[in-house]
Amino acid sequence: MEDVEETLRALLLLALTGDGAAYAAFLTQSGAHLRAYFRRRLVTSPNEVEDLVQETLLALHNRRHTYQTTQRLTPWLYAIARYKLVDLLRAQSPRRQVEVSLDDDEGASELLPADASPAESRRDLLKLLDTLPDRHRLPIVLVKLEGRSVAEAAAAAGMSEAAVKVGIHRGLKKLAVEASKRR
Amino acid sequence: MKTEALIAMLARGEARVAPRSVERRLAATVATALLLTLIVALATLGARKDLGAAAQLPMFWWKLAVPLAVGTLSFAAARRLASPGRRTGAAAALGVALLAVLWAVAAADVASAPAATRAALVLGHSAMACVALIATLSLPILAALFVALRSLAPTRLPAAGAAAGALAGGIAAAAYALHCNEMTLPFVAVWYVLGMAIPAGLGAQLAPRWLRWA
């Protein structure tokens, strides 16, 4: 358990200073832990699991600046996972008040199992991306999907470099909002 | 989109973030709010006319110290609660202890005063205005802090909302203290505290709906 904490924390700290390979490894390993976490808690709706993993990964990315370097990483990760889970359960049964434990140590005190075999996601984030306005969609497609530099993307889309950066940032937040709406 | 592809997408390009983003975001909001609230309070209510003379008296500074202490503790709590997986921390307990001391000292003041002057010691001459003006001044600050918190990631929403409200109340009460010419600790212990408690309660109430982020 301490190994997971140390490994993930080291990877995220590297990622936050600009190490893309460490970031990919962080997200992959986090995804495996999230998958196991959600599979245990969504026994009756297993086909929601992969959607929720993806939504939580998007949240980890969009909220990565809220990881404070003095805090433990796994409680941060599982608090976001629990927040997303509560959102889903509320959406599933809006009439019933869903009671979910808000104990932030819950996830961290488990054995942190991992599950590296993804199921099919039901919702396609790429289709959702297509619904975003151009100022958000184009920067994400050009830079994050096609791998072009910010300067190339700016030239291709006829936007300023600053607008491309803002477009990626806001666009990914917008994508998260849309994803949590369409359940 | 497969999860693998999503991860590749998220990891491509720049993932760097500036260190201490949470503190800087909240501190920037507080600094702006403090400045604007001071300007609004001084422009509309005005400073008390005897500000220079009053500043010679310890009570003037105590009246300022109470909201500033509330503000400092609430800032510490909000800063923690803006990140997932952190609890309120020592700030809440310290706040309760501070209130207990304040009320104990105020009660002793009232008890040691002649019976005929006790009511005036607590009620002063501007109790309702004090509560209403502190609460009113705090509302735009509360809104600004909610905007800031939504860009962060609070997961304990009512606690984060209460911390934001108490912080807004502390800033508003500190600005109001420059206008207010009440000079007794019991007055501060009742009406300033009530004025700051209103935005704190409001923040906790509004948080589940308005602090929600995706």
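# Close-up views of a predicted two-chain model

View 1. The core holds 113 residues. B:A78, B:I134, B:A160, B:A163, B:A164 and B:Y176 touch the most other members. Helix α8 of chain B, residues 157-176, contributes the largest share, with 15 residues. Chain A takes part too: domain 1 (1-122) and domain 2 (123-183) each supply at least three residues to this core.

**View 2. Surroundings of B:I134.** B:I134 is among the core residues that touch the most other members. B:I134 is one of the buried residues of α7(B).

**View 3. Helix α7 of chain B and its kink.** α7(B) has 24 residues, and its end C-alpha atoms lie 34 Å apart. That agrees with the 34 Å that 1.5 Å a residue should give. A kink of about 30 degrees lies at B:L139, shortly before the proline B:P140. The buried residues include B:C130, B:L133, B:A135, B:L137 and B:S138. Also buried are B:I141, B:L142, B:L145, B:F146, B:A148 and B:L149. The buried residues of α7(B) pack against α2, α8 and α9 (185-210) of chain B.

**View 4. Helix α2 of chain B.** This helix has 24 residues and reaches 34 Å from its first C-alpha to its last. The span is close to the 34 Å expected at 1.5 Å a residue. B:V22, B:L26, B:T29, B:V30, B:A33, B:T37 and B:A41 are buried in α2(B). Their cover includes α4 (58-81), α7 (127-150) and α8 of chain B. Just after the helix, B:G46 takes a positive phi of about 85 degrees.

**View 5. The loop residue B:R20.** B:R20 sits in the loop between α1 (3-11) and α2 (21-44) of chain B. Its phi is near 60 degrees, a positive value in a residue other than glycine. Most residues other than glycine have a negative phi.

View 6. B:A90 belongs to helix α5, residues 90-112 of chain B. B:A90 is partly exposed, with 13 other C-beta atoms within 10 Å. B:A77 is 13 residues away along the chain, and the C-alpha atoms of B:A90 and B:A77 are separated by 8.1 Å.

**View 7. Chain B as a whole.** Nine helices and zero strands make up the secondary structure of chain B. Along its principal axes, the C-alpha trace spans about 75 × 35 × 25 Å. Of the 214 residues of chain B, 46% count as buried. Among contacts in chain B with a separation of 6 or more, 85% join residues 24 or more positions apart.

**View 8. Contact between chains A and B.** Chain A gives 42 residues to the contact, and chain B gives 28 residues. Seven helices of chain A are named here: α1 (2-16), α2 (20-41), α3 (49-62), α4 (73-92), α6 (125-130), α7 (134-145) and α9 (161-181) each supply at least two residues to the side that touches chain B. That side of chain A divides into 22 nonpolar, 14 polar and six charged residues.

**View 9. The two domains of chain A.** Chain A is divided into domain 1 (1-122) and domain 2 (123-183). Twelve residues of domain 1 and nine residues of domain 2 form the contact. On the domain 1 side, α3 and α4 of chain A are the elements that give two or more residues. α3(A) gives the most, with seven residues. By class, the domain 1 side has four nonpolar, four polar and four charged residues.

**View 10. The loop residue A:D124.** A:D124 lies in the loop between α5 (106-109) and α6 of chain A. With 13 other C-beta atoms within 10 Å, A:D124 is partly exposed. A:A179 is 55 residues away along the chain, and the C-alpha atoms of A:D124 and A:A179 are separated by 9.2 Å.

How values were computed:
Residues numbered from 1 in each chain as written. Chains lettered and ligands numbered in written order. Predicted model: local features only at pLDDT ≥ 70, side-chain atom pairs only at ≥ 80, totals over all residues. Contact = placed C-beta atoms within 7 Å. Helix = DSSP H or I, 4+ residues; strand = E, 2+ residues; numbered from the N terminus. Nonpolar A, V, L, I, M, F, W, Y, C, P; charged D, E, K, R; others polar. Core = buried A, V, L, I, M, F, W, Y, C linked by C-beta atoms within 7 Å. Buried ≥ 20, exposed ≤ 12 C-beta atoms within 10 Å, placed from the backbone. Domains from an automatic or database assignment. Expected span 1.5 Å × (residues − 1). Bend = angle between axes of the 7 residues up to and from the residue.
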